Structures are given as C-alpha cells and as structure tokens.
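Visitor: I have a chain open here and want to talk it through. Can you put it up?

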Amino acid sequence: MAVNGIGGGSESVSQAAAPVVAKTGNNALNKDDFMKLLTAQLKNQDPNSPVDAKEMVTQLSQLTSVEKLQEMSTKLDMLTAATNSGAANSSASLIGKTVTGVADTAQLGATGPTKAAVNLKQDAANVKVSVVNSAGRVVAKLDLGALKAGAQEINWKGLEDSGDRAAQGIYTFQVSAKDANGTDVEASQSITGTVNGVFYENGKPELDVNGVRVPMGNLTSISQPAASIPTATK
C-alpha cells in the first residue's frame, strides 16, 4: 500500500520495510517486524490524510496476536522438553522389569524356540500364523487350531517348513483367526519379557524387550521380576 510522504514525496510502506521482509523470508513476520512496519507507516503518512484509526487498531491487535503466539510456542517447547525428560526417566526405571506390550515380532536366538502371544476377542475355530523373516519371506506356517478368547501363546520352535533351523534374528508373526462360520476374529499380538535397555532414536522411548523394540506407549502391563529362591545348603 503506497502512502504520500510529507512535501509531496512518495514512498511505499512495503519499500520501507523491504529489508525486514527480505530478512525474515516467506513473509513470516515477528513482533519486531510488525512494529517496524507500523513505525514506517506513521512516519510516511500524509498529514492531510492520516492513517485510519481503525486500521491502526487492527495492526496493533495483529501485533498482540503474534506476541501471544510466540509466547505459546515457547511454552509448548518447554512443555515438550519437560515431557520428554520425564518419559526418559520413567523408561529408564523399567530396565530389569517384566513388561507386556503390543508387538507382532519376536527375536529368535541361535538355539531354542521363541514365544509371542495372540489376543483373541472371541473364541476362534481356526487360528493360523505365518512367520515372516526380515526380508519379507514366509519361512514357516503354524496351525494353532481352535483357541479360546483371550491371550494365547504362540510357540515357534525356530524351524522353517523345510525342517532347517531358521537364522537368528527378528521375525514377524502374521495371525489369521476365524470363527466356525469362517468370519474373521479380531486379534492383536503382544510380547512379554524383560526390559534390557531403552532407545531414544525416534524421539520417543522404545524398550528393548527380549531383543524386540517396543514403544513405551504400547505397554499393557509392568511387573517386578520374580524373586529368586535361595538354595538351601548343608
């Protein structure tokens, strides 16, 4: 918006404030920029046609809004930092405890089986599980038959369908559950184990549960490890 300067000269507010806009970029103005624009407008106004009072009030209200938004942003940043710090302290205290969390993966070691769990919303007449490796290949298919509603264990011996021992690593369990009529039964999966460590790489704490990363927000239960019973000696 152009305004006439004193003595017949002409200058635009946008030209006077050009360094400000160039400095901020993308027309993102802060409260100082608003004040500079307002000052430039008052300085270059035509005495015979001063700035409209309503327009000035509008500009001042915009300045106030910008200040409030900046204060809110600062407070949100502080709240986020405090929340992340609290989550970090809470997650670290879980190391060594037994937890159960929502997860569809499990780690297979060099020897022995691996376990997970499927939670059925209702009784299922037929439950099948596909074990998928990190490359996305199905290495084994498990037929669990009929299972009752609730948490049911998935116990994989670590053998591929070919009979060979599967390579150690992380495996995904894909569950298909159907009732007697062939209708899908709602199922979720979980893992239970000891928390061995905590990771913060993705912005939120993830727990190492038996070698599987489980987001802290996915936990469904936490318990103290069972106390060891001392052996009596003579």
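Guide: What follows goes through the fold, the cores, the surface and the salt bridges of this predicted model.

Visitor: What does the secondary structure come to?
Guide: The chain has 4 helices and 13 strands.

Visitor: How many residues are there, and what share counts as buried?
Guide: The chain has 234 residues, and 29% of them count as buried. Its accessible surface is about 14,800 Å², with 53% of that belonging to carbon and sulfur atoms.

Visitor: And the contacts, what share of them join residues at least 24 apart?
Guide: 63%, taken among contacts between residues at least 6 apart in sequence.

Visitor: Which residues have the most contacts inside the largest nonpolar core?
Guide: Leu120, Val131, Ile154, Trp156, Tyr171 and Phe173, in a core of 20 residues. Strands 4, 5, 6, 7, 8 and 9 each give two or more residues to this core. There is also a second, separate core of 11 residues, with Leu94, Val99, Val195 and Leu207 among them.

Visitor: Back to Tyr171. What is it in contact with, leaving aside neighbours within four places?
Guide: The list for Tyr171 includes Asp104, Thr105, Leu108, Val131, Val139, Trp156 and Ala166.

Visitor: Glutamate 160, is that buried or exposed?
Guide: Glutamate 160 counts as buried because its relative accessibility is 19%, and the cut-off for buried is under 20%. It lies in the loop between strand 8 and strand 9. Beyond four places in sequence, glutamate 160 touches Arg137, Val139, Ala140 and Ala166.

Visitor: Switching to the surface. Which residues form a nonpolar patch there?
Guide: Leu69, Met72 and Leu76 do, with about 310 Å² of accessible area together. Met72 sits in helix 4, residues 53–92.

Visitor: How many salt bridges in the whole structure?
Guide: A search finds 6. One of them joins the side chains of lysine 121 and glutamate 186, at 3.5 Å from N to O. Those two are 65 residues apart, lysine 121 in the loop between strands 5 and 6 and glutamate 186 in the loop between strands 9 and 10. Both are exposed.

Visitor: What is the N to O distance for lysine 178 and aspartate 184?
Guide: 2.5 Å, again in a salt bridge between side chains. Lysine 178 is partly exposed at 33% relative accessible area, whereas aspartate 184 counts as exposed at 55%.

Visitor: And glutamate 206, which residue does its side chain meet?
Guide: Arginine 213, in a salt bridge of 3.6 Å from N to O. Glutamate 206 counts as buried at 15% relative accessibility, while arginine 213 is partly exposed at 36%.

Technical notes
Residues numbered from 1 in each chain as written. Predicted model: local features only at pLDDT ≥ 70, side-chain atom pairs only at ≥ 80, totals over all residues. Heavy atoms only, no water. Buried < 20%, exposed > 50% of the residue type's maximum accessible area, 1.4 Å probe, protein only. Contact = heavy atoms within 4.5 Å. Core = buried A, V, L, I, M, F, W, Y, C linked by side-chain atoms within 4.5 Å. Patch = residues over 30% accessible without salt bridge, like charges linked within 9 Å, V, L, I, M, F, W, Y side chains within 5 Å. Areas by Shrake-Rupley, 256 points an atom, 1.4 Å probe, with all protein chains shown as cover. Salt bridge = Lys/Arg side-chain N within 4 Å of Asp/Glu carboxyl O.
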